[in-house]
Amino acid sequence: CSHVLSLLQVENVKLLDRYASRKAASGTLYLTATHLIYVDASAEVRKETWILHHHISSVEKLPLTTAGYPLLIHCKNFHVAHFVIGQERDCHDVFTSLLKLSQPVKHEELYAFSYNPKMSKESREMGWKLIDLKLDYQRMGIPNDSWEITDINKDYEVCSTYPPEIVVPRAATKAMVMGSSRFRSRGRIPVLSYLYKENNAALCRCSQPLAGFSARCLEDEQMLQAIREANPGCPFMYVVDTRPKLNAMANRAAGKGYENEDNYENIRFKFIGIENIHVMRSSLQKLLEVCEMKSPSMSDFLTGLENSGWLRHIKAVMDAGVFLAKAVREERASVLVHCSDGWDRTAQVCSLASLLLDPFYRTFKGFMVLIEKEWIAMGHKFSHRCGHLDGDPKEVSPVFTQFVECVWQLMQQFPCSFEFSERFLLEIHDHVYSCQFGNFLGTCHREREELRIFEKTHSLWPFLLQRKQELRNPLYRGFTAYKELQPNTLPFSFQFWCGMYNRFDKGMHPKQSVLERLLSCLRHSVTLEDSTAQLEN
Amino acid sequence: MEFAELIKTPRADNVVLHRPFHPAVEGTLCLTGHHLIFSSRRHDNAEELWLLHSNIDSIEKRFVGSLGTIVIKCKDLRIIQLDIPGMEECLNIASSIEALSTLDSVTLMYPFFYRPMFEVLEDGWSSFLLEQEFEHLSSVTNEWRLSCVNKEFSVCPSYPPVVIVPKSIDDEALRRVALFRYGGRFPVLSYYHKKNGMAMLRSSQPLTGTNGRRCKEDEKLINSTLRSGRRGFVIDTRPLNVAQQARAKGGGFEQEVHYPQWRRIHKYIERFHILQESFIKLVEACNDQSHNMDRWLSKLEASNWLTHIKELLTAACLAAQCIDREGASVLVHGSEGTDSTLQVTSLAQIILDPRCRTIRGFEALVVREWLQAGHPFQQRCAQSAYSNSKQKWEAPVFLLFLECVWQIHRQFPCSFEFNEHFLILLFEHAYASQFGTFLGNNESERAKLKLPQKTMSLWSWVNRPEELSRFQNPLYEANSLVIWPSVAPQSLQLWEGIFLRWNRPSRFLEEAEEERINIIKYNKELQAKVNVLRRQLAEMETDGEVQEEE
């Protein structure tokens, strides 16, 4: 790392390994503008540990030990690094520097604005055009007789957190859209998320209605009717509130709430009961405490896993996704989904249902489209949920992590149905927090425009596509092999994801990687194919 | 006895078979002396289900009107349901199954009646003789000898006729040591670590009693495995207090005064009914589909099954570590030396010895460390997780061993020549089989039953090329390393292949296995093709040169 400008350099630093009993490494710690770099001098082969400042979620000074001054660093990608520094002064310097470096205050300080991969302006711009949501709607057959893409939100008059272009029923008039917008929390009106071409059932999403105890909105009722009528094959539609009923009822007192079945024609209303962001945050916290226990017994671990509630929440999200996919596929019913604001749980379950219904979303390109469409474009507040900037810790929540985990759980049940491997998921998860690319900055499309993300930063996707060979799933059977996935959601079908939450504890992972072995086999086969071709000539 | 006497209704029509993840099918049920056979002749695809009576762990019957239902729970953990019209037929069939699945006499078991439909290429009964193992050992060391002191099974009834012992200890000394060890199980060689010449011995507990009896020959025997000035380790699979209490009943442990060169480590491994209860609880949890997540996790935890797995692996790692890392010899025993002792010594060999990770090597390990070493299979595997009889000698000791192998396999997926199916196969055959391999409790009983003459060996069947191919791991690449598994809870998983096997659809996992096989196969074929082409090219070039010279 000699070529990287170092802000601070501390010698004689130890990096403790939680699991290996061997002697702690000893080396030099460097702080650069973007990374903490630790170089292990004691190893025969030069070993470097890089930690991106943006990945750091907390830095703690622990009580002095005989070995020196310990500094414990927790990262958002679940890396835990335990350093011991010889001098108190050095330790304090590293501590204060890291606090500052890991908690940027302004967007402009984020890595994406300084990241320079030496790429031409044209390629950078091409990179942003790689994912075109219009093409995805085209794939669904939209525009068609029932659905249209409208730019009604181009000035963000309907909804400030929606993209300029949204898909609504052709029958929805401007008055209906504007009226519904006033009746939905933050103007997040019902829009199309996914159209199941086989039977015209649509998956739609919105935020909670401002119904209170008795308020109604004619335009909103008409809007739902338009959605229902866009699918003539089914006489009713589902309205799914993904919150626990109690939470939704509490919201009524605040003038929000949920749809009254009496006011909307032919709807079937249903609660699904996924907990809110605060419950999820604390659940993850508990899970991580379990993962970090020093030599826990089996009972400690399983009890801790149970008490964290983490897998219960993962199952709840999965169950909801399965319910939506089933309603669309089997009951041929359109579904409108919301939670409170419609940007957390709603994003989780809509994207999961799409993934279950459509094999395209299980390809590299399709998964990128899915994340762009259901998460980025529809205003999942990545900046707040991931804590990109120094801000309200109560806004931070592992909503996206849960979605990624649900996808991983599906991979365990359907090993041949995804084009990409676990590595691709981990790579995306890393970059959601890394702020190295512009995709996940800010909270919504409007904000990203204001930040001039598209002019000043790079898009992640082309970089990942370049690495397709190492991120692919060697077992993938192709696009047509599996259509819909119908996962088993009995509790025993869910596993603890060691590769995510204990990812950096290499000692816990299988010592030989089947994935690596198969990928190298495939690479070898390609060179052999070349040799055969050459030899045969 | 005639089986016919037990079969009052040999056949019932219009029986409906229910299995998880299969549509119900109607067909004919037949009972024979050893099998329950269900066949449906519906459609074009005739389907048959053959179930060994000895595989049936428990049956339940209930009636709705005159329609009877029998729920059959098998030792391989499968559950099937048969709807049988007619109360009398149903009662008859149920009582026949009950009688036929609980035959008292071993000689009435199916292996004595089974006539193989395949050609025997190699008689499995003589595939794994200790003499061969000794030959292999002799090529690297001359410190050991084969002893026939037990050839009449008179010194130790649960040992095989030949054993490997230190060369310096004569048969007379062995007889004395046998009197000092529980059940006559004197220390014998379990494994020799070629890398550093260290040995792993196993035995039963010493009979020191309350007055601290000693046996000079015993001390001499185990000391002879030590390098001068080096210490050895005794791994006692009982907790200290249990070992101490054992003295009151005549048992005991190696006391420091008499074994100054040995350090004793107590590494507790759970036994008998505790394991059986754990097994029953786990299977119950896996079969109850009404659980929510919290209940499932708490039942999984409460079963303690994975705790036993972790403890067992930890003990095996400890033994392996003493040998490979500390360069010390090890003696392993618990009380009888027929259960936890064998779990530890055989798992340590999986870790240390690459030979044990091949198919033949693993078979040899099972023969040597389990069958010949006198693990009482017939007692331990008489019933499985559904049995109501709470006999205290039943325990899934062998299954725990197989699962630990699976756990290591999962962590080192390229280091084993065999696949998961091979382990499952051994589990099934240990509990119910057409082969005689797992009958009897030790070699002495097997000799009395004349199993090698009267029954077919599992190895005769499984080692035929057409069967073997099903059990090969496509990812296998031989490696000579010691493989250290992680025993962190995060690294251990429920063995789905056994416990969820009948509770979830397997299609997608099977397809993944097919893909893995195809990828490797394609690669090998290409490699072969390239090699042929290269050779042809080289030949053409030399031909060309020859022509030019002409």
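1. A quick term to start: a polar contact is a pair of N or O atoms within 3.5 Å, where within protein one must be able to donate a hydrogen and the other to accept it, and residues adjacent in sequence count only if both atoms are side-chain atoms. The side chains of Asn263(A) and Arg216(A) are joined by such a contact, at 3.5 Å.

2. Some housekeeping. This is a predicted model, where local features need pLDDT of at least 70 and side-chain atom pairs count only at pLDDT 80 or more, while totals for chains, interfaces and linings use all residues. Residues are numbered from 1 along each chain as its sequence is written, chains are lettered from A and ligands numbered from 1 in the order in which they are written, and side-chain values use heavy atoms, with hydrogens and water left out.

3. Back to Asn263(A), which sits in the loop between helix H6 (245-253) and strand E13 (267-271) of chain A; helices (H or I, at least four residues) and strands (E, at least two) are DSSP runs, numbered from the N terminus. Asn263(A) is buried because its relative accessible area is 17%, and buried means under 20% (exposed is over 50%, partly exposed in between; 1.4 Å probe, protein chains only). Setting aside neighbours within four places in sequence, Asn263(A) is in contact (heavy atoms within 4.5 Å) with Arg216(A) and Glu221(A).

4. Now Cys339(A): UniProt lists this residue under "active site", in an unreviewed entry. UniProt positions follow the numbering used here, feature names are shortened, and annotations may be inferred rather than shown by experiment. You'll find Cys339(A) in the loop between strand E14 (334-338) and helix H10 (345-357) of chain A. With 2% relative accessibility, Cys339(A) is buried too. Beyond neighbours within four places in sequence, its contacts include Cys206(A), Asp241(A) and Arg243(A).

5. What about the chain A–chain B interface? Here 50 residues of chain A are in contact with 59 of chain B. The two chains bury about 4800 Å² between them, with 66% of that on carbon and sulfur atoms; buried area is the accessible area (1.4 Å probe) that two parts lose on being put together, summed over both.

6. Between chains A and B there are six salt bridges, each a side-chain nitrogen of Lys or Arg within 4 Å of a carboxyl oxygen of Asp or Glu. One of them pairs Glu477(B) with Arg517(A), their closest N and O atoms being 3.5 Å apart. On the side of chain A that touches chain B, H20(A) gives the most, with 13 residues.
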